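Subject: A structure for you to look through

Hi,

I am passing a structure on to you, and I hope you enjoy looking through it. Please open it first and keep it on screen while you read the rest.

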2 protein chains.
Amino acid sequence: MNTILVVGSVALDTVKTPAGSIADGLGGSATYFSLAARHFAPVRLVGVVGEDFPSEHRTLLSERGIDCAGLKTAKGKTFRWSGRYGKDANTAKTLATHLNVFKDFRPRLDEAQRNSPVVFLANIDPELQSEVLAQMKAPALVACDTMNFWIDSKPEALKELLSKVDVFFANEEEAKRLARKTNPMLAAETISSWGPSVVVIKKGEHGALMKVGNRFYIFPPFPLPEIKDPTGAGDTFAGGFLGSLAAAGVYDDVGHLKRAMAYGSVLASFNVEDFSTRNIENLDRERIDERFHDLLDRMSVPRTQDLPKPRRAVAA
Amino acid sequence: MNTILVVGSVALDTVKTPAGSIADGLGGSATYFSLAARHFAPVRLVGVVGEDFPSEHRTLLSERGIDCAGLKTAKGKTFRWSGRYGKDANTAKTLATHLNVFKDFRPRLDEAQRNSPVVFLANIDPELQSEVLAQMKAPALVACDTMNFWIDSKPEALKELLSKVDVFFANEEEAKRLARKTNPMLAAETISSWGPSVVVIKKGEHGALMKVGNRFYIFPPFPLPEIKDPTGAGDTFAGGFLGSLAAAGVYDDVGHLKRAMAYGSVLASFNVEDFSTRNIENLDRERIDERFHDLLDRMSVPRTQDLPKPRRAVAA
């Protein structure tokens, strides 16, 4: 199996949405990503937490088969984020960010981590993402994510990173801001000209767009009557996407990339159905595949020859 | 072939969008619908224009095979609408509506019109829609559209109409407003409880949702780098949808309904690429089918067994 290395945040999130709230829930990009990707391939998590990080959270991650050898405990407090979502589930209002131990996060990869064939550089300082990448031996697939904070504060470092990346994930707002375009397709074109052969633009409740080479592919979202907590949707999407690709072991085939998009949507759809990691903690592959096939049925268009003919002629 | 009767407006539209503008361009719900549906099935148009309606517009419709026997000319001026779209292509700001001859529109169907197997009651007063429907003999499929004006002013007449309708088209905003729900799925559930077995909710540049029985199907939009003029997108969508169904002659099969959704998306995508009816005036079935198959390729997810295997084992 093709192991995935993920480098990112492990956090305690305080979140308020129209559906309720949670205080100091397990969160962070590497957490969400790992809990999604582990269903498909072995995952090695590299991150840092403080001395206050509840041991049951570490146990939870380990018990689900995530290699936490790279999850260091540093003196100080765990990274905390708090935010609020209004009716528009696509954008959070950040109420507070306390980097705490995450401020001095300088990951040093061990031999096993450096040899991982797939790496996901979750949303951290792009200079740090490049530093991590420089430590990798010869990854078959390099993917990354980012956020508006880095797009605004370190655009050049981000572009430098993108020149070495195969798959770039962004939400629509971020992609347009980064590329300075008003249309997501034009944004993806600009971004891919900087390096990534695959650009994935997530539109939240409106689905996603993928650019591979010069062609755009489009994906509807799994239909949900309610979104409880959108936190982590992007990272569970990336986890399902890269997990599916790592399991296939084929990284440049449009068909596999399309399946990866569908698995990303499915994992994200489970995640937003409850607060924090509650709903993805106890998923199993059977439920994932059930929804995967359900999604495909809901979005597939059959060929005429497979469909019923009229029962009788109708007069015009 | 199963003829489609469409009853609705034929108008002269003055439209401004970020991409440009047009004055007194050919428009109206029945116009857009007919120009889309005619590629699939014979179309009979019922509407009214004023004495100022340019003869070349009538010629255009007739030359494209649309039966205009039901397009009456009344004393007075043609219905005029003018609107402006901002960056958000999904919602128009109406600048002026002059009903003119449309104010006294009271369609009386002739024998051929009454026998049409498929009828589309485009956006007009729901009481008038019901009056038209009462004149029909035994249509195999009844579909309708509406707008916020009627949702707000005649909700009971609209619900009465819906109890006799098979397919209801609405955009997301209208559906939520009509059903008094904040989520499009919940809105579709409420609306279908009033009658329609098929509810189609259009989300503009974000695709569409279809409820059939108790199940939701989801469709991404055809990806376009620019939308020049969204006017008529909903009616061309309905035209492609009902045209495709009428051609199939099967009205209750999910597979055919899914193909209808895809044809609806394709026709709408052509329409928004230029002002007024410019881009759909000269379409042919070959270009439509080319984009239909292109759309299906962009949104299809292949099965694993059809995909390439890894070329070599990759060390974990």
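Below is what was found in it, going from the whole assembly down to single residues.

Please keep in mind that this is a predicted model.

**How the two chains sit together**

Chain A is superposed on chain B by a rotation of 180° with 0.0 Å of shift along the axis, and the RMSD is 0.0 Å. The two copies are therefore related as by a two-fold rotation axis.

Next, the place where the chains meet. The contact takes 46 residues from chain A and 46 residues from chain B. On the chain A side, α8, β13 (215-219), α10 (254-271) and α12 (285-299) each supply at least two residues. Which of the elements gives the most to this side? That is α10(A), with five residues. By class, the side of chain A that touches chain B has 27 nonpolar, eleven polar and eight charged residues. Also, 100% of the interface residues of chain A are interface residues in chain B too, so the copies meet through the same surface.

**Two helices that cross in chain B**

Now turn to α10 (residues 254-271) and α12 (residues 285-299) of chain B. Their axes come within 9 Å and cross at roughly 115°, and the crossing of α10(B) past α12(B) is right-handed. From α10(B), the contact uses B:Ala262, B:Tyr263, B:Ser265, B:Val266 and B:Ser269, while α12(B) brings B:Ile288, B:Arg291, B:Phe292, B:Leu295 and B:Leu296. Sorted by class, this contact has seven nonpolar, two polar and one charged residues.

**A helix with a buried side in chain A**

Helix α6 of chain A covers residues 155-162, and its buried residues are A:Leu158, A:Leu161 and A:Leu162. Why do they lie on the same side of α6(A)? They cover an arc of only 100° around the axis, which puts them on one and the same side of the helix. A general rule is handy here: an α-helix has 3.6 residues a turn, so residues three or four places apart point the same way. The buried residues of α6(A) pack against α4 (126-135), β9 (141-144), α5 (148-153), β10 (167-171) and α8 (184-193) of chain A.

A:Ser276 lies in the loop between α10 and α11 (278-281) of chain A. Its phi is near 50°, a positive value in a residue other than glycine. Is A:Ser276 buried or exposed? A:Ser276 has 23 C-beta neighbours inside 10 Å, so this residue counts as buried. In chain B, B:Ser276 is found in the loop between α10 and α11 (278-281), with a positive phi of about 50° although it is not a glycine. B:Ser276 is buried as well, with 23 other C-beta atoms within 10 Å.

Finally, have a look at B:Gly195, in the loop between α8 (184-193) and β11 (198-202) of chain B. With 17 C-beta neighbours inside 10 Å, B:Gly195 counts as partly exposed. Leaving aside residues up to four places away in sequence, B:Gly195 touches B:Leu162, B:Ser163, B:Lys164 and B:Val165. B:Gly195 and B:Ala170 are 25 residues apart in sequence, and their C-alpha atoms are 14 Å apart in space.

Happy exploring!

Definitions and conventions:
Residues are numbered from 1 along each chain as its sequence is written. Chains are lettered from A and ligands numbered from 1 in the order in which they are written. This is a predicted model: local features need pLDDT of at least 70, side-chain atom pairs count only at pLDDT 80 or more; totals for chains, interfaces and linings use all residues. Axes are lines fitted to C-alpha atoms, for helices over the stretch in contact, and angles run from 0 to 180 degrees between N-to-C directions. Helices (H or I, at least four residues) and strands (E, at least two) are DSSP runs, numbered from the N terminus. A crossing is left-handed if the near helix is turned anticlockwise from the far one by less than a right angle, and right-handed if clockwise. Two residues are in contact if their C-beta atoms, placed from the backbone, lie within 7 Å. Ala, Val, Leu, Ile, Met, Phe, Trp, Tyr, Cys and Pro count as nonpolar, Asp, Glu, Lys and Arg as charged, and the others, Gly among them, as polar. A residue is buried if 20 or more other C-beta atoms lie within 10 Å of its own, exposed if 12 or fewer, and partly exposed in between; C-beta atoms are placed from the backbone. The arc is that of the directions from the helix axis to the C-beta atoms. Copies are superposed by least squares on the C-alpha atoms of residues with pLDDT of at least 70 in both.
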